[in-house]
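Dear colleague,

Please find below the sequence and structure that I am handing over to you. My notes on what was found follow directly after them.

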Amino acid sequence: MLISITAIFSGSLVIAAVLASKIIAVGPFLVPAGVLAYSITFLCTDMVGEVYGKQTAQRVVISGFVTLLLVMGLIQLAIVWPSAPWWKRGEAFDGVLGQSFRIILASIIAYLVSQFFDIWIFSKIKDATQGRFLWIRNNSSTILSQLIDSILFVSIAFWGKLPIQEIIIGQWIVKIGIALLDTPFVYIGVYLMKGNENVVTAQT
């Protein structure tokens with residue numbers, strides 16, 4: 001089960017980074033298109049942290065980081081590699097997958113800071129509540145870490161190009177909604193992980 005959650009984590013992280021260059025409207029809010037996929041990563045680390053502990057969750061984050069770097073490198077390689085003579089879609093390909101250095105840098109910095117903060121605060125709340133009230137630490141850690149992520153990513157990626165305050169607020173509000181909606185899935189995931197692998201909730 002841990003392998004499956006790690007795979008979902010890495011896949012969601014990578015596709016979120018690919019989609020991040022497009023800004024979409026969610027009702028009145030403007031957010032990067034990868035907002036839902038990226039929110040799934042916090043769901044995954046909360047489940048792993050709850051069952052396996054802080055150190056395992058941190059290893060999942062590091063593995064995702066390595067995967068992200070590898071995929072970004074492969075994408076850049078595909079962009080600079082000479083196209084076949086009959087390939088006529090090179091410009092469209094580059095436009096969709098080619099991201100500026102600022103967006104790549106923003107993704108990496110925001111990812112590392114927010115994910116490790118999420119794991120840290122989740123663990124602290126778990127200790128403070130003596131392992132009770134999973135919904136409190138799940139929502140609190142995700143909402144706070146997503147605020148950090150939104151501020152860092154949008155500021156670094158779009159400063160001077162887009163109305164960053166509007167995007168930060170909109171993105172964070174949407175992420176709060178997703179965090180509240182994913183609470184049942186956290187309980188289900190933790191239940192399945194404990195049942196399938198017969199593990200006891202790790203001490204953090």
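**The loop between α5 and α6**

Q130 lies in the loop that joins α5 (101–128) to α6 (134–158). Please bear in mind throughout that this is a predicted model. Although Q130 is not a glycine, its phi is positive, at about 55°. Is this residue, Q130, buried or exposed? Q130 counts as exposed, because its relative accessibility is 67%, and the cut-off for that class is over 50%.

F133 also has its place in the loop between α5 and α6. The phi of F133 is positive as well, near 55°, and F133 is likewise a residue other than glycine. With a relative accessibility of 41%, F133 counts as partly exposed; that class covers values between the 20% limit for buried and the 50% limit for exposed.

**Helix α3**

Helix α3 covers residues 54–80, which is 27 residues. From its first C-alpha to its last, α3 reaches 39 Å, close to the 39 Å expected at 1.5 Å a residue. Which residues of α3 are buried? They are T56, A57, V60, V61, G64, L68, M72, I75 and I79. In general, an α-helix has 3.6 residues a turn, so residues three or four places apart point the same way.

**The chain as a whole**

The chain contains 8 helices and 2 strands. Along the sequence, these elements follow the pattern α-β-β-α-α-α-α-α-α-α. The radius of gyration is 18 Å, close to the 17 Å that the globule rule gives for 204 residues, so the chain is as compact as a globular protein of that length. Taken along the principal axes, the box filled by the C-alpha atoms is roughly 60 × 35 × 25 Å.

Of the 204 residues in the chain, 44% are buried. Among contacts in the chain with a separation of 6 or more, 78% are between residues 24 or more positions apart.

**Surface and charge**

The chain exposes about 10500 Å², and carbon and sulfur atoms supply 72% of that area. As for charge, there are 13 positive and 10 negative side chains in the chain. The centres of these two sets lie 2 Å apart.

With kind regards

Key
Residues are numbered from 1 along each chain as its sequence is written. This is a predicted model: local features need pLDDT of at least 70, side-chain atom pairs count only at pLDDT 80 or more; totals for chains, interfaces and linings use all residues. Side-chain values use heavy atoms; hydrogens and water are left out. Helices (H or I, at least four residues) and strands (E, at least two) are DSSP runs, numbered from the N terminus. Buried means under 20% relative accessible area, exposed over 50%, partly exposed in between (1.4 Å probe, protein chains only). The expected span of a helix is 1.5 Å times one less than its number of residues. The radius of gyration is taken over C-alpha atoms; the globule rule is 2.2 Å times the number of residues to the power 0.38. Contact means heavy atoms within 4.5 Å. Accessible areas come from the Shrake-Rupley method with a 1.4 Å probe; for residues, only the protein chains shown count as cover. Lys and Arg count as positive and Asp and Glu as negative; His and the chain ends are not counted. The place of a charge is taken as NZ of Lys, CZ of Arg, CG of Asp or CD of Glu.
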